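Please keep the sequence and the three-dimensional view at hand while reading.

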Amino acid sequence: MHSKEELEEVHQRILPYIHKTPVLHSSLVNEISGTDLFFKCENFQRMGAFKMRGATNAILQLPKEQQQKGVVTHSSGNFAQALSLAAKSIGIPAYIVMPSSAPQVKKNAVKTYGGIITECPPSLKDREENAQRIMQETGASFLHPSNDTNVILGQGTAAIELLQEYPDLEVIVTPVGGGGLVAGTALAAHFFGKNCKTIGAEPFEADDAYRSLQSGKIETNKTTNTIGDGLKTQLGDKNFPIIQQYVSEIIRVEENEIIEALRIIWERMKIVVEPSSATALAAVLREKEKFRNKKVGIIISGGNVDLSQLLF
């Protein structure tokens, strides 16, 4: 079982390695949504996403002699960058298995942060086999992007900071991909909020978490045809029980609603966020009555946009 003290220790542990990101609000966006929104801007986090928090905590929780052998993960997205930069900050190697189909911009970012890339065919089997081989050759420890307890607790620290600034939030909304952010946020809201609920936001096109909560078991995605490229992964056995216990509900949104929310954030708030991040605002706009006149926190998960693929 987790505790407030445990989360506080995690936050203290990673503070030297992360940015305390700003919280923004916009009276215009409040008007559009009919509620009082507080955006925790993890797009301003180091490497551009909340995943820096979990990656740092997971590395620091390894025994020193294991740390020195390095860490390995398979990811084409933000966790690849996060683990590379966190490992570099701590002074150890990071081995990143990336599918050959990953965008060049992501491969470049991983290299910039000192990650050692192994490319493989884009199937889960190939990714896992390559990660296994690297672990055997180097003795590096495998870290999962979202289904690792230390990663989950690290991701929860964004909500801790948000609640330290705005302790009377009634709801916090986060996007749901692999489930690490929503699970960590739900723990933080439970221990640091005052009756603060956590609500997840997920595309209809990748609604495995919504269906998992309905059925009581981990479901897989039938399609992943969503512009929220960070939300295509599915829940794991470490984060699903936390989500079942602490997440109030998951709201699904259409692709056009994500684009509309993305546009509002870029246009009104003048900040660059990635499509996955906009699902949280899209959920609030879709279910306005549910959030009307409440104080709502929104975790802007990241800002790593491929500028060659702009949606508008």
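## Basis and salt-bridge network

A salt bridge is a side-chain nitrogen of Lys or Arg within 4 Å of a carboxyl oxygen of Asp or Glu. By that criterion, Lys40, Glu42, Arg53 and Glu161 are linked in a network of salt bridges, and the structure holds 18 salt bridges.

The model is predicted: local features need pLDDT of at least 70 and side-chain atom pairs count only at pLDDT 80 or more, while totals for chains, interfaces and linings use all residues. Residues are numbered from 1 along each chain as its sequence is written, and side-chain values use heavy atoms, with hydrogens and water left out.

## Annotated region

An unreviewed UniProt entry places the feature "domain: Tryptophan synthase beta chain-like PALP" at residues 15-302. UniProt positions follow the numbering used here, feature names are shortened, and annotations may be inferred rather than shown by experiment.

Over residues 15-302 the chain is 47% helix and 17% strand, and the end C-alpha atoms lie 18 Å apart. Helices (H or I, at least four residues) and strands (E, at least two) are DSSP runs, numbered from the N terminus.

## The largest pocket

A pocket is found on a 1 Å grid over the protein atoms alone, as an open set of points where a 1.4 Å probe fits, with protein on both sides within 12 Å along at least five of seven lines; lining residues have an atom within 4 Å of a point. Grid points are joined across faces, edges and corners, and a volume is the space filled by probe spheres set on the points.

The largest pocket contains about 1100 Å³ of space. It is lined by 44 residues, and those closest to its centre are Arg127, Asp229, Gly230, Lys232 and Thr233. By class, the lining has 14 nonpolar, 23 polar and 7 charged residues; here Ala, Val, Leu, Ile, Met, Phe, Trp, Tyr, Cys and Pro count as nonpolar, Asp, Glu, Lys and Arg as charged, and the others, Gly among them, as polar. At least two lining residues come from each of helix H5 (78-90), helix H7 (124-138) and helix H10 (180-192). Domain 1 (4-48 + 149-304) and domain 2 (52-142) each contribute at least three residues to this lining, the domain bounds being taken from an automatic or database domain assignment.

## The second largest pocket

The second largest pocket has a volume of about 460 Å³. Its lining consists of 21 residues, of which Asp229, Asn304, Val305, Asp306 and Gln309 lie nearest its centre. The classes are 13 nonpolar, 4 polar and 4 charged residues.

Helix H6 (104-112) and helix H13 (255-269) each supply at least two residues of this lining. The largest share, 3 residues, comes from H6. Domain 1 (4-48 + 149-304) and domain 2 (52-142) each provide at least three residues of the lining of the second largest pocket.

Lysine 106 forms a salt bridge with aspartate 229, with 3.7 Å between the closest N and O atoms. The partners are 123 residues apart: lysine 106 is in helix H6, and aspartate 229 is in the loop between helix H11 (208-215) and helix H12 (240-246). Relative accessible area is described as buried under 20%, exposed over 50% and partly exposed in between (1.4 Å probe, protein chains only). Lysine 106 is buried at 15%, whereas aspartate 229 is partly exposed at 44%.

Aspartate 207 and arginine 252 form another salt bridge, their closest N and O atoms being 2.8 Å apart. Aspartate 207 lies in the loop between strand S8 (197-203) and H11 and arginine 252 in strand S9 (residues 247-253), so the pair ties together parts that are 45 residues apart in sequence. Aspartate 207 is buried at 9%, while arginine 252 is partly exposed at 21%. The side chains of arginine 286 and glutamate 257 also meet in a salt bridge (2.9 Å, N to O). This pair joins helix H14 (residues 275-286), which holds arginine 286, to helix H13, which holds glutamate 257, across 29 residues.

## Positive phi angles

Asparagine 195 is not a glycine, yet has a positive phi of about 50°. Asparagine 195 is located in the loop between H10 and S8 and is exposed, at 76% relative accessibility.

Asparagine 293 likewise has a positive phi, near 60°. Asparagine 293 sits in the loop between helix H15 (288-291) and strand S10 (295-300), and its relative accessibility of 67% counts as exposed.
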